[in-house]
Amino acid sequence: MRAARLIRMVLLLQARASMTAAELARELEVSERTVTRDAQALSEAGVPVYADRGRVGGYRLVGGYRTRLTGLDRGEAEALFLSGVPGALREMGLEDAASAARLKVSAALMPSLRGASRTAAQRFHLDAPGWFHAPKAPALLPAVADAVWDDRRITARYRQGGGISPGSGEGEDARPGEVERVLEPYGLVLKAGVWYLCARADTGAYRVYRIDRFTAVAAGAERFDRDGEFDLPGFWAERGAQFARALLRTSAVVRLSAQGAGLLRHAVGAAAAGEALAEPGEPDAQGRVTVTVPVESDEVAYSQLLMLGPEAEVLAPPALRRRFTDATERMARHYR
């Protein structure tokens, strides 16, 4: 374990001009005393680690020292080659760069590890788009990706209408058509075959835009100062949860059998089912529980809850119950 930690310490110092003992201890999850001992061990092994004393001191590598990736074991090498998503890289226009990087990494590995790329590729493959949808990369994705990598502001025309993407921030009075936005592009997300841009608008708010709704993108020469506190995975998870919950604008009161309660998540989704079953009513004599299920609309609730068949009885709202009454009567006539 210490050997792996020493290699990680060297790589950290390669990536940054200087790091304090406290910063290294935090990154390596050890004490500052251990950092001091590790730095001495590296120095004795011929790695030129230099310690600057004083209040603003720290550790650094002397003379632009670089290490080859000979410290990787097979599992680490295979994980490294898995980190690229070929389809996504191709759509962003980065396939050639990724291919060159993989060749350089392979050349730096010990001969016994150079088969790691083939080992990983033949065992794991990520197919991001959902079933029954032909993937189609937005034409402007490479331009947006370039701006994301370079931290360059973009002026983009965005097509509204047809539903608002999660957290896009467009108001309720937005009309179908195009709007122009000046954006600081922070990150790209590929969700179920659809590309999204997470960006900071000129108002300072972070929003989400579907790339396939951009009709024009122009990157300026000016770079923006990226907020170091911005966390793309955390931001996306939070906005995704907000978007999913915002769709659930109404509710239905449903009496469920034990089997119906178990199947509810498959009908209405995990979030809505979890909320409904968090505080179920007392079971009746038949073991059925009455719950309030958050739903998008009566129309959507009808199609979802119909999947549960006789394991669910809709109690309210009255209009939705009447619709189920009519449906069951018609089904009874079919099967009589």
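Guide: Two strands count as a pair if DSSP finds at least two bridges between them. With that in hand, welcome to this predicted model.

Visitor: What makes strand 8 and strand 9 a pair?

Guide: Seven bridges join strand 8 to strand 9, and the cut-off is at least two, so the two strands pair. They run antiparallel.

Visitor: Why are strand 9 and strand 10 said to stand at the edges?

Guide: Follow the order of their open sheet, which has three strands: 9-8-10, with antiparallel pairing. Strand 9 and strand 10 (312–316) each have a single partner strand, so one side of each has no neighbour in the sheet. On average, neighbouring strands here are turned by 35° against each other, direction ignored. Helix 12 lies across strand 8, strand 9 and strand 10, at about 25° to strand 8.

Visitor: Which strands stand at the edges of the open sheet of five strands?

Guide: That sheet has the order 6-5-4-3-7, again with antiparallel pairing. Strand 6 (206–210) and strand 7 (214–223) are its edges, because each has a single partner strand. Neighbouring strands of this sheet are turned by 45° against each other on average, direction ignored.

Visitor: How do you know that strand 3 and strand 4 pair?

Guide: Count the bridges again. Strand 3 (residues 152–160) and strand 4 (residues 177–191) share seven bridges in the antiparallel sense, and at least two are needed, so they pair. Threonine 155 stands opposite valine 182 in strand 4.

Visitor: Which helices lie across strand 4?

Guide: Helix 8 (residues 141–150) lies across strands 3, 4, 5 and 7, running at about 70° to strand 4. Helix 9 (residues 232–246) lies across strands 4, 5 and 6, at about 75° to strand 6.

Visitor: Why does glutamate 184 count as buried?

Guide: Glutamate 184 sits in strand 4. Its relative accessibility is 10%, and buried means under 20%, so glutamate 184 counts as buried. Leaving aside neighbours within four places in sequence, it is in contact with Arg153, Cys198, Ala199, Arg200 and Phe224.

Visitor: What makes the link between glutamate 184 and arginine 153 a polar contact?

Guide: The side chains of glutamate 184 and arginine 153 are joined at 2.9 Å. The limit for a polar contact is 3.5 Å, so this pair falls within it.

Visitor: How do you know that the buried residues of helix 10 are on the same side?

Guide: The buried ones are Gly260, Ala261, Leu264, Ala267 and Val268. They cover an arc of only 110° around the axis, which puts them on the same side of helix 10. On the other side, Ala258 and His266 are exposed. The cover over the buried residues includes strand 8 (250–256), helix 11, strand 9 (289–295) and helix 12 (298–305).

Visitor: Which residues bring helix 10 and helix 11 together?

Guide: Helix 10 (residues 258–268) and helix 11 (residues 270–277) pack at about 145°, with axes 7 Å apart. From helix 10 come Ala261, Leu264, Arg265 and Val268, which meet Ala270, Ala272, Ala273, Ala276 and Leu277 in helix 11. By class, eight residues of this contact are nonpolar, none is polar and one is charged. Just after helix 10, glycine 269 takes a positive phi of about 100°.

Conventions:
Residues numbered from 1 in each chain as written. Predicted model: local features only at pLDDT ≥ 70, side-chain atom pairs only at ≥ 80, totals over all residues. Heavy atoms only, no water. Axes fitted to C-alpha atoms, helices over the stretch in contact; angles between N-to-C directions. Helix = DSSP H or I, 4+ residues; strand = E, 2+ residues; numbered from the N terminus. Contact = heavy atoms within 4.5 Å. Nonpolar A, V, L, I, M, F, W, Y, C, P; charged D, E, K, R; others polar. Buried < 20%, exposed > 50% of the residue type's maximum accessible area, 1.4 Å probe, protein only. Arc of directions from axis to C-beta. Polar contact = N/O pair within 3.5 Å; in protein donor to acceptor, adjacent residues only side chain to side chain.
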